[in-house]
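Have the sequence and the 3D view open as you read.

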Amino acid sequence: MDRIGPHTYHYLHHPLFSSGEAMLCYTIYHLCFNGAISLDYSKVVAGRDNHHLVMRLFLTHVTDPVPMSAPQAFALSLFPVDRPDSLAELRIHMNRSIPDFGTFKSGPMHDHLMAKGLLFSTHILSSEGRAAYHELHSLLHDVEHEEVALLDNAGKLKARLDELGSNVVLLPEGFREKLRGSALVDPHLKAILTVQKFLESGGIHETKVMG
């Protein structure tokens, strides 16, 4: 079985108390990482002053994963097919169109994990689910404890980031901030971490700069 993604890890980490909103956000990051959603910076006019330009990050649904899971389909349905979304627009659309984020957990995520054999029941992991969880948990633990050495070595850092894939968003916040500021990290990954920072702030923090 392929290594699980961050949305699956979050459910398996605590099947009872894990957050549907966090799982949905992790699914969006996963889709950004895998290319289904493109990330592009553009200069836009801010406020009423037509001469005041700011750089903002836009997300666009560009392709469908093959095969596409139910959680991925749900997340992609949030994006308009005819235009890009700014981060602020995405946050507003999420809040308006999903009155209860728990429905993402109890619906698409639960059904997907049951079909994949990772859950024995709603709140109990199967043996396959436990193995998949512990494999990724061990990798995250190792990478976290190599932080200082990795941030000093481009080759080792790239190898570890390649190994993590979209699960880089599960690293501690402080480590992720250092990755966003590192010259060794690919701009695309930095953009994904920017999306994560914005959404985890509730869409409030640094809105004018990031949204």
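What follows is a short tour of a predicted model.

## Ser42 and its surroundings

Let's start with Ser42, which sits in strand 1, residues 37–45. Its relative accessibility is 32%, so Ser42 counts as partly exposed. Setting aside its neighbours within four places in sequence, Ser42 touches Val54, Met55, Arg56 and Phe58.

For a sense of scale, take Ser42 and Asp142: they are 100 residues apart in sequence, and their C-alpha atoms are 37 Å apart in space.

The model has 11 salt bridges in total. One of them pairs the side chains of Glu135 and Arg3, at 3.3 Å from N to O. This pair links distant parts of the chain: Glu135 belongs to helix 6 (residues 127–145), while Arg3 is in the segment before helix 1 (6–13), 132 residues apart. Glu135 is partly exposed at 41% relative accessible area, and Arg3 is partly exposed too, at 32%.

## A bridge within a helix, and a network

Lys158 and Asp162 also meet in a salt bridge, 2.8 Å from N to O. Both are in helix 8 (residues 154–164), and because they are 4 residues apart there, about one helical turn separates them. Lys158 is exposed, at 53% relative accessible area.

Elsewhere, salt bridges with shared partners tie Arg83, Asp85 and Glu89 into one network. Within it, Arg83 bridges to Glu89, with 3.8 Å between the closest N and O atoms. Arg83 is partly exposed at 41% relative accessibility, and Glu89 is partly exposed at 36%.

Technical notes:
Residues numbered from 1 in each chain as written. Predicted model: local features only at pLDDT ≥ 70, side-chain atom pairs only at ≥ 80, totals over all residues. Heavy atoms only, no water. Helix = DSSP H or I, 4+ residues; strand = E, 2+ residues; numbered from the N terminus. Buried < 20%, exposed > 50% of the residue type's maximum accessible area, 1.4 Å probe, protein only. Contact = heavy atoms within 4.5 Å. Salt bridge = Lys/Arg side-chain N within 4 Å of Asp/Glu carboxyl O.
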